[in-house]
Amino acid sequence: MSFKHNNIMTKGLVLLSLWLGVAGQSLAEYKLNFQEPVNAVGREIYSLHMLVLWICVVIGIGVFSMMIYSIINHRKSKGAVSSDFHESAKIEVVWTTIPFIILIAVAIPATSTLIKIEDTSNADLTIKVTGLQWKWKYDYDNGVSYISSLNADHNKARQKGSGVDVTKIENYLLEVDNELVVPINKKIRFLVTSDDVIHSFWVPQFAMKKDAIPGYVNETWTTVEKVGTYRGQCAELCGKDHAFMPIIVRAVSEEDYKIWMAKQLASAEAAAAEASADKVWSKDDLMARGEEVYKGKGGCFGCHGANGEGVAVFPKLAGSAIAVGPAATHTDVVLHGVPGTAMAAYGSQLNDLELAAVITYERNSWGNNASVVQPADVKAAR
Amino acid sequence: MSETMTHDAHHDEHPTGIKRWLFTTNHKDIGTLYLWFSFTMFMLGGVMALVIRAELFQPGMQIVDPNFFNMMTTLHGLIMVFGAIMPAFVGLANWQVPMMIGAPDMALPRMNNWSFWILPFAATLLVAPMFIGGNFMSGQGPAFGWTFYEPLSGQYDKLAFFVFAVHLLGFSSIMGAINIIATILNMRAPGMTLMKMPLFVWTWLITAFLLIAVMPVLAGAVTMMLTDKYFGTSFFDAAGGGDPVLFQHIFWFFGHPEVYIMILPAFGIISEIIPTFARKKLFGYASMVYAIASIAFLSFIVWAHHMFTVGMPVAGELYFMYATVMIAVPTAVKVFNWATTMWRGSMTFETPMLWAVGTVFLFTIGGFTGLMLGVAPADFQYHDTYFVVAHFHYVLVSGALFGIIAGVMYWLPKWTGNMYSEGLGKLHFWLTMISMNLTFFPMHFTGLAGMPRRYADYPLQFADFNQISTIGAFIFGFSQLIMLYLIIKCIKGGEKATDRVWEGSHGLEWTLPSPAPYHSFETAPEIK
């Protein structure tokens, strides 16, 4: 099986693009077919796709050449006289039966591949994937858990009027702050769910796509044969920033995976210790951390704007009744979300310290001047 | 006697000006209203498509914000489906069904008037939220995709506008469908048995039953959305014990027959046109009727092939895959029948024939990609990518829309009494044909390479094909102005059309004078 470009077709398309005057720098990079699969199921899906494609091409050539032949030859201007045949039960039976047989020939390999895709048993490792507007949360079975969002530089560049030439950015829209890390040659089971609207978890080279649906835990699985970075994107419309929540998976050797995991466990412990201490923080410290959360992990700026001015139909925070009103109401909104709107419940995404910091930041920025919220207050409100 | 006379006199009274159009109960006037409404919506939806394509011309956000972009994709889809394609077919049915079955008018003329006049209000409710609120460019209208999946649609703050717009569209469609069924079943000329009906009439009869079956399901879905949003129910809200996937099942139980509602009447038009210009009877009339009926039946039992990735049990996926690929059989039969009708005919290629043959070629490509999408394991890769966008534009643009244009060109001389300009017609056809492929063919590649649909911005490797699509889309859009000019020119005058118009024409509508009289057949013709 070859994933190389079909030369004639590629050249033809290059010429076409040149002719249209749209030749860009990335001309050599475009693909005409699936990205190269990195596991056995992916290769099976690819060959099934090519099988059906070729069947369609052959039938198409047959039907189209018959039509083209008659368009050229059976025209009045060439003196063609119309025949009057218009019925034949025999022909109708033949061309009903043949497609039926072809379909059965396709259905047999399709069935066996489908059964493999849906067999999530005997997994070596399970990772829970939660879709959030507009980022992903990954939970490993040993408790390591983190949120993965679009790389901050890419996020700045993609804003309208950013003044950045995005064609100069490597892997534009396909970089995140925290990659999902998996070991190679292991059966990895993903439990896919969502906390708000429906998303879809898709990494093309794994040939795996599963919807993340609130209230459902869907299962899917993959194995990765080669060390490398694999890039995917959300595949179900999930609102404003649907195009800006990529999925980046770094597949590493088993030893590297163990080293990485040990580091994660250590830093998770440290963070938990810091956040749970009932220490009283200074306003300046909370503001500094709050800004980090607001513009980073929490992703608050995505809807409420970098300066609390609101984005599109989403409310502004500068001078908002909630942000300058009673701290308890503000804390409740951030902790539990607002049902029926895009405002998520951040209680499950951020720890007490992060929540206290971001709430304090919102209450004391952009001209707002209200009370400070401490981690202990958040803990009590949970 | 005197009563009959007043009755006749009343019929001859033609109000003029705005009143003629507001109060009309005439099938031709109402057909005209439907067609102009459809054209207006086609232009509006087209402008939205051009906003989408302009934004996607290069990576990065240049023209609109993501929320506005999502609103454009949503309204483009809804307007084209409910505002352009469906009303155009009802308009064609209004004009043609009475003339083709030998009836004076539709069976239920007052309801006919009402079913049309609901539409402008529905369209207004759909589009108005764009302008309600302070900031137009922020995208204040619906921005959740034309499939309005819950829970995303539940986050929309002006959901009630959308729900009531869909209700009105549903009323209109159901009334239109009832009228068409009543007309076809009761008003056929003596001797016209069901199996002697023209195929356009057959396809509309079946389409009308599909409409009556599924529009109430759609109404149910949006009503549940409404009560979830405003009255505290939890049909689709997982947190309240509801089920977001239930929404998709209900939506696609409507949605799949809906795609056949949009294509079957086009099949009927093609089946009228090809025999006319091949000067040869349609091959396999009976098998055509059975194929349409089978497609209509199958359309009810395949809906979850739109949902292979929601996490169905494997047995469910297998069933929906098998049932879906089965549709290829009757569809193939139809294509074979059209090709065989052309075979050893004596063909000429006036504009309607060009559109009809173009439809057969390109719809077949859309049919092939449909078969590919039906194969569930491969669908996991295609699902929600540009491959799907390419597929449904090949069936809806080069199937439904091309079919509608073919029908308009075919019957326009009968409606206006004037021939249109062949030169303009051919120019419009070739520009549209080329730009259609330039727009949508590259989407197959972007989709296979992994570009998800409904993306306001995309990684760099998709840039080239997106540029080609955008250039194609602009040529396509502006080419449609040629059609507008052609039609206005034809209404205003031109070479007088004969009654038969086309050398190979067949069927009752061609026995009427051109332009056709206000009340089509005052005396029913006899069919032998």
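A residue counts as buried if 20 or more other C-beta atoms lie within 10 Å of its own, exposed if 12 or fewer, and partly exposed in between, with C-beta atoms placed from the backbone. Keep that in mind and select B:Arg454: with 24 C-beta neighbours inside 10 Å, B:Arg454 is buried. Its phi is near 60 degrees, a positive value in a residue other than glycine. You'll find B:Arg454 in the loop between helix 16 (422-448) and helix 17 (463-492) of chain B. (Helices, H or I with at least four residues, and strands, E with at least two, are DSSP runs numbered from the N terminus.)

Some housekeeping. This is a predicted model, where local features need pLDDT of at least 70, side-chain atom pairs count only at pLDDT 80 or more, and totals for chains, interfaces and linings use all residues. Residues are numbered from 1 along each chain as its sequence is written, while chains are lettered from A and ligands numbered from 1 in the order in which they are written.

**Colour by confidence**

pLDDT is the predictor's confidence in each residue, from 0 to 100. Chain B has a mean pLDDT of 94, with 98% of its residues at 70 or more. Now pick residues 1-9 of chain B: the pLDDT there is below 50, and beyond near neighbours in sequence this stretch has zero contacts in the model. (A contact means C-beta atoms, placed from the backbone, within 7 Å.) Where pLDDT is low, the predicted coordinates should not be read in detail. For the complex, the predictor gives an ipTM of 0.91 and a pTM of 0.90.

**Inside chain B**

Then show B:Ala406. Setting aside residues up to four places away in sequence, B:Ala406 touches B:Ile269, B:Ile270, B:Ile273, B:Pro352, B:Trp355, B:Ala356 and B:Thr359. B:Ala406 is also among the members with the most contacts in the largest nonpolar core, which has 269 residues. (Such a core is a set of buried Ala, Val, Leu, Ile, Met, Phe, Trp, Tyr and Cys residues joined through C-beta atoms within 7 Å.) Helix 4 (residues 66-101) of chain B gives this core its largest share, 23 residues.

**Across to chain A**

At the interface, 87 residues of chain A are in contact with 87 residues of chain B. On the chain A side, helix 3 supplies the largest share, 14 residues.

**Strands of chain A**

Strand 1 and strand 2 of chain A pair antiparallel over six bridges (pairing takes at least two DSSP bridges), forming a hairpin with two residues between them. A:Leu132 stands opposite A:Lys135 there. Zoom in on A:Trp134, in the loop between strand 1 (125-132) and strand 2 (135-140): the peptide bond from A:Gln133 to A:Trp134 is cis, with omega near -5 degrees. Strand 1 of chain A also runs parallel to strand 5 (residues 188-194), joined by seven bridges, with A:Val192 as the partner of A:Val129.

Last stop: A:Ala207, in the loop between strand 6 (199-203) and strand 7 of chain A. Its phi is near 50 degrees, again positive in a residue other than glycine. A:Ala207 is buried, with 27 other C-beta atoms within 10 Å.

Methods:
Contact = placed C-beta atoms within 7 Å.
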